[in-house]
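Visitor: I am new to this structure. Please pick one part, look at it closely, and then tell me how the rest is laid out around it.

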Amino acid sequence: MEYIALLVCFMISIAITPLVKKLAIRIGAVDQPNNRKIHSKLMPRLGGLAIFCSFMIGFVIFDPVSNYYWPILIGALLITATGIIDDLIDLSAKIKFLVQFAAAGIVVFSGVQITFINLPFGETLHFGYFSIPITIIWIVGITNAINLIDGLDGLAAGVSSIALITISGLAISLGDTFVALMGLMLLGSTLGFLLYNFHPAKIFMGDTGALFLGYMIGVFSVLGFKNVTLFSLIVPIIILGVPILDTFFAIVRRIIQNKPLSAPDKLHLHHCLLKLGFGHKQTVVLIYSMSGLFSIAAIIFTKSTVWGSTLTLLALTILVEIVVELTGLISENYRPILRLLEGAKAKRY
């Protein structure tokens, strides 16, 4: 049934997206070009509504059974309504954060929580009351990570799709039919929209789509991997490695530069790759490849021994550091490993 749901939501999304595009233009939900934007013409930006509607129709048709049915539905409605309003009138960052915390709180207080992890050597770490803030911060963090990476045609939709494929696939292997069904319905809805959003885009997902996708992926990742081993807890972090790291380094940059955390800049991963000379499509495909690599690493992580998992994590850490230095993600002067290699090369010759 999961694969039928994927196909149905995919077809619904293909049919709905052109209608949403017409609606966005009619009500003035358009993205104005400016010095931070890559596009140079007026673009409809309510495309996330097509993803949301396709998913919700699938939700009604396939009626997934879970105690978390209503909390997830209410949280999704709240976060999507906020995105629609923001695409129309540009809400302040403070209001969007408050709504994100409220939407995350709805599902967390319904029982969607990371309450403990099983440590190596048989020990168990219980989070107690900290499980509530930890899970809320995780969901809000992922929501904003997807939102921040939404800077090029098809980028957020593609990265989200790769994450959803991995989460759904692992859920199927773990026998979690609810997360698998929900993940594949959202995947179908996102892929249908991506046909219109890939470069050159005919419509943007806007905050309506970025907030909804980020919120749902955050919730699914908690549902799929809660109460697990320490190494398994790292799996959703690896799956969502690209948006998480982009957000993390954006925070580091703003702290170093003494700027507010909500201050915009043009130093996100996609901006840095464009600055290096890669084209629009090349940049998107490169980031897709990175996301795919992280997802493969996450799958290896679940199948490996403790030593295998440790080596995988070490290799990923070195790879991330090299990418950060090559792209100037923190700053153009931050190049410790590259300088070390250059110094070793100079001594050799």
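Guide: Let us begin with a term for how covered a residue is: buried means under 20% relative accessible area, exposed means over 50%, and partly exposed lies in between (1.4 Å probe, protein chains only). By that scale Ile-318, at 43% relative accessibility, counts as partly exposed. This is a predicted model, where local features need pLDDT of at least 70 and side-chain atom pairs count only at pLDDT 80 or more, while totals for chains, interfaces and linings use all residues. Residues are numbered from 1 along each chain as its sequence is written, and side-chain values use heavy atoms, with hydrogens and water left out.

Helices (H or I, at least four residues) and strands (E, at least two) are DSSP runs, numbered from the N terminus. The expected span of a helix is 1.5 Å times one less than its number of residues. Which residues of H10 are buried? They are Gly-241, Val-242, Pro-243, Asp-246, Thr-247, Phe-249, Ala-250, Arg-253 and Arg-254. Just after H10 comes Asn-258, with a positive phi of about 60°.

Another helix to set beside it is H6, residues 155-173. Its 19 residues reach 27 Å from first C-alpha to last, close to the 27 Å expected at 1.5 Å a residue. Since 15 of those 19 residues are buried, H6 is largely enclosed by the rest of the structure. Just after H6, Gly-175 takes a positive phi of about 80°.

Some loops deserve a stop too. Most residues other than glycine have a negative phi, and most peptide bonds are trans. In the loop between helix H2 (48-62) and helix H3 (69-89) sits Asp-63, whose phi is positive, near 45°. Asp-63 counts as partly exposed, at 43% relative accessibility. Asp-90, in the loop between H3 and helix H4 (93-108), has a positive phi near 60° and is exposed, with a relative accessible area of 53%. Between helix H7 (177-197) and helix H8 (206-225) lies the loop that holds Pro-200. The peptide bond from His-199 to Pro-200 is cis, with omega near -5°.

Coming back to Ile-318, you will find it in helix H13 (residues 306-327). Its C-alpha is 9.3 Å from that of Ile-337, 19 residues apart along the chain.

Finally, step back to the whole. The protein has 14 helices and four strands. Its radius of gyration is 20 Å, close to the 20 Å that the globule rule gives for 349 residues, so it is as compact as a globular protein of that length. That radius is taken over C-alpha atoms, and the rule is 2.2 Å times the number of residues to the power 0.38. Along its principal axes the C-alpha trace spans about 65 × 55 × 35 Å. Of the 349 residues, 51% count as buried. Among contacts (heavy atoms within 4.5 Å) with a separation of 6 or more, 73% come from residues 24 or more positions apart.
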